[in-house]
Amino acid sequence: MGRIQLSLMERVLADGLGEMLFIMKAGRSGEFVYVWFNRKVREELGFGDEHIGRTISEVFGKEIGEKMVKRYIEVVQSSGQAVYEDAYIDSDGGKRYSEVMLTPLLDEGEAPYVVALVKDITGRKQNELMRREIIHRLEESTSRFRALFEDNGDAVLELDPSGQVTGANPAALRLFVVSGEALHGRPFSNLVSDQSRSLAEAAFSLAAEGNLQDVRIDVQPENGQPVGCLLKFTPVAPAGKPIGYYANLKEMRELDKLAHLYMESQNQFKIITESVSDVIVTIDGSWRLLYASPSTRAQYGYDPAVVIGKETGDLVHPDDFPDLVRGYEEILEGRHVFQIRLRVLHRNGGWIWSELNASAVRGPHGEFQHMVVVVRDISRQKAEEERLEHYAYHDQLTGLPNRRLFLNRLADRIAEYKKTGKRFAVALMDLDRFKAVNDKWGHNVGDDVIRAFSHRIESAADHVLAARFGGDEFVILITDCTTREEAETLACRIVAALREPIVAGGHVIPISTSIGIAFAGPGRLSTDALLKLADRAMYDAKQEGPNRYRIVE
């Protein structure tokens, strides 16, 4: 090929590229020398005419040069393209990430040339690193929450929207003296005594309306005497509508014994409180603190002597104080116990999420004397619970909403359609020939392809709900889609997002999809009916070739 000569048109095109372009020639002893580079190289790396004819090692040093030359030799020997990712320092001293495509140019009788096209992928790489960190944190937090759930000393039951048991932690199995299989599917109301059933059902109905109540009930173990518990239903409502509940059951035997001991002997009560890690305080009818256990110092930073006589409201977050007032008023009116979660002020100024279990102490004739409150730091548990809704309804591989969340949102949209008649559509799509990717390059590469595919769908469908339905299937809820043209626009955006191949594991993998879109309408007013229609449309699109879509109105 001789000396590289580029025409004026070729120079204009090369210098107009947004990526860096090099032409290298094989030299002696396996070295490669720079014979030409475009304007982008000069701008990004500060290269000049003095670099022409120099070897890679002379420009970048021996260590980097050896690594680069090894790749160039592999390309020449294989006579095929190669793509790899690299990092470099730009002319401003910043770290940049690049995707390098090497293409050999072989000519008989001439030393081989290699064309290197360097594409800046700094933004994508930084997003990828950030997403991996998020996924790692999701997995770690999910593991922590499960450990917290399993190790919780209080009984916790998972319930579906109708109140049937779908899961139980070990403490719940011990409380009811039964296996998890025996509990699964049983209505919660069947687990309480006959006398407590109406109270438990009322608390469940109030929780569905967002009114959370602590109620004292008796649960009925499989073989044994009823056990007094404090019950609270906590709804799981990621979209504002409950899709399940947690039933927290705290055995009250120990708290009842503690209150009884206090009535018998103030000295005996102090001995008990000084030996436990939870904070124990007593409060009179005027909201003043009468006593604080020594653990107040370790948990909240206060010397017990300093807080005695303080108003309770001075130590409780203003937003939580009304809930405490309501519970306290119920105590004054005759209720025996109540439980509440609120934020308590630490001596250093921060707020600590805490759980209060309060019990009334009454005189010989039933008159209120004061209240005994057991306070426990639950800040870690609270943080994990707040993340639970996200982790339970998002796919760990892609970070997208999962099947469960999508079906809940679709059911809500169908209900809205029945009321308003406002049209919407569902799109179902998958990766064409994805099994061949797994078979050829393995599941790790397949996972990378799925992640990249999900990112492109999410970018193309940024104003609608996109979810991973399972495997290589994805779904989109187009909530405000009223015309065929709007559905076509979305399908075209998705197809356009897949024009460039995906690079995974050093392989350039072309991808395509098949899309089926179904509009809601008469005879299509269930999740199953809409999804089946979209699935059939997707299959018809697949028969027509890659990157096709079919719409059913």
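**A guided view of the predicted chain**

The mean pLDDT of this predicted model is 85, and 89% of the residues in the chain reach 70 or more. Helix α10, covering residues 266-273, has the lowest mean pLDDT among the elements of the chain, at 54, whereas strand β21, covering residues 513-519, has the highest, at 95.

The overall composition may be considered next. The chain contains 19 helices and 22 strands. It has 553 residues, of which 44% count as buried. The accessible surface of the chain comes to about 28200 Å², and carbon and sulfur atoms account for 49% of that surface.

Attention now turns to one sheet. Strands of a sheet pair through backbone hydrogen bonds, either parallel or antiparallel. Here, five strands form an open sheet in the order β12-β11-β15-β14-β13, and their pairing is antiparallel. Strands β12 (289-292) and β13 (337-345) stand at the edges; each has a single partner strand, so one side of each is left without a neighbour in the sheet. From one strand to the next, the twist averages 25°.

Within this sheet, strand β14 (residues 351-362) and strand β15 (residues 368-377) run antiparallel and are joined by 9 bridges. Val-361 stands opposite His-370 in β15. A helix accompanies these strands: α13 (residues 321-332) lies across β11 (279-283), β13, β14 and β15. Helix α13 runs at about 150° to β13.

Which residues touch the most other members of the largest nonpolar core? They are Met-429, Val-449, Phe-453, Ile-476, Ile-511, Ile-515 and Ile-517, in a core of 35 residues. Several elements each supply at least two residues of this core, namely β16 (425-431), α16 (434-441), α17 (443-460), β18 (473-478), α18 (484-497), β19 (502-504) and β21. Helix α17 provides the largest share, with 7 residues. Apart from this core lies another, of 26 residues, which includes Leu-159, Val-215, Ile-217 and Leu-249.

Technical notes. Residues are numbered from 1 along each chain as its sequence is written. This is a predicted model: local features need pLDDT of at least 70, side-chain atom pairs count only at pLDDT 80 or more; totals for chains, interfaces and linings use all residues. Side-chain values use heavy atoms; hydrogens and water are left out. pLDDT is the predictor's confidence in each residue, from 0 to 100. Helices (H or I, at least four residues) and strands (E, at least two) are DSSP runs, numbered from the N terminus. Buried means under 20% relative accessible area, exposed over 50%, partly exposed in between (1.4 Å probe, protein chains only). Accessible areas come from the Shrake-Rupley method with a 1.4 Å probe; for residues, only the protein chains shown count as cover. Two strands pair if DSSP finds at least two bridges between them. Axes are lines fitted to C-alpha atoms, for helices over the stretch in contact, and angles run from 0 to 180 degrees between N-to-C directions. Contact means heavy atoms within 4.5 Å. A nonpolar core is a set of buried Ala, Val, Leu, Ile, Met, Phe, Trp, Tyr and Cys residues joined through side-chain atoms within 4.5 Å.
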